[in-house]
Amino acid sequence: MRPSSICILLAVAVLLHHHLLPGVEASVEKACRDAANSSPNIKYDFCVAELRPYPGSGSADQKSLTVIAASLTKDKATSTSAKVKNLLASTSDPKTKQCLESCESVYEDLLSDLETAIPAIKEGRLVDAKTYLSAAVDAPGTCEDGFKDLKVPSPLTKEDSDVTQMCTIALAFTNMLG
């Protein structure tokens, strides 16, 4: 076989692979693109960067990607909750302490909502999942509002933003399921 024929066959094989058998990034990228197109609050690059490295995301269907997104939200919320507890233990400023106590309560509720939403997604109870994810998506903003109201700088701005973004993605994915 001539080298030019090999190149043509290789090019056809690559094109067929990408169009007929989407690769690892294709399903994550498509889901993130669809979610970003459905909501101006979803950052496509953040979505892809968070989902792509998650084990199994490359071969996951939409339902599995939704569970992954909700699980990533739970992971981020758990980490933020731990940070709140650490900050509470080391903070002496009364206003900051008051805000952190509020955030602690908010994150307890958020984690409870996610604990209910994830099995609901897995079981196809999408109305329930949407209800709990909708409640969870507002929680980090409530935490941030406490700091703004008392005119105290928030030590959780990035974490609250990331949890909100991840939860918004999980809710958008759930909406795409039906």
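Predicted model: local features only at pLDDT ≥ 70, side-chain atom pairs only at ≥ 80, totals over all residues.
**Entry 1: α3 against α4**

I started with helix α3 (residues 44-51) and helix α4 (residues 62-90), whose axes lie 11 Å apart at an angle of about 90°. That angle makes α3 roughly perpendicular to α4. Next I looked up who touches whom: F46, E50 and L51 come from α3, while α4 brings L65, I68, A69, L72 and K76.

**Entry 2: salt bridges**

How many salt bridges does a search of the whole structure find? I got nine. I took a few of them in turn.

K74 and E115 pair through their side chains, at 2.7 Å from N to O. K74 sits in helix α4 and E115 in helix α5 (residues 94-122), so this bridge ties together parts 41 residues apart in sequence.

E159 belongs to helix α7 (residues 157-177) and K83 to α4, a link between distant parts of the chain, 76 residues apart. I noted E159 as partly exposed at 22% and K83 as partly exposed at 28%.

My last stop was E123 and R125, a salt bridge with its closest N and O atoms 2.8 Å apart. E123 is exposed, with a relative accessible area of 54%, whereas R125 is partly exposed at 34%. Which residues are linked with E123 in a network of salt bridges? I wrote down R125 and D128.

Definitions and conventions
Residues numbered from 1 in each chain as written. Heavy atoms only, no water. Axes fitted to C-alpha atoms, helices over the stretch in contact; angles between N-to-C directions. Helix = DSSP H or I, 4+ residues; strand = E, 2+ residues; numbered from the N terminus. Parallel < 35°, antiparallel > 145°, perpendicular 65-115°, else oblique. Contact = heavy atoms within 4.5 Å. Salt bridge = Lys/Arg side-chain N within 4 Å of Asp/Glu carboxyl O. Buried < 20%, exposed > 50% of the residue type's maximum accessible area, 1.4 Å probe, protein only.
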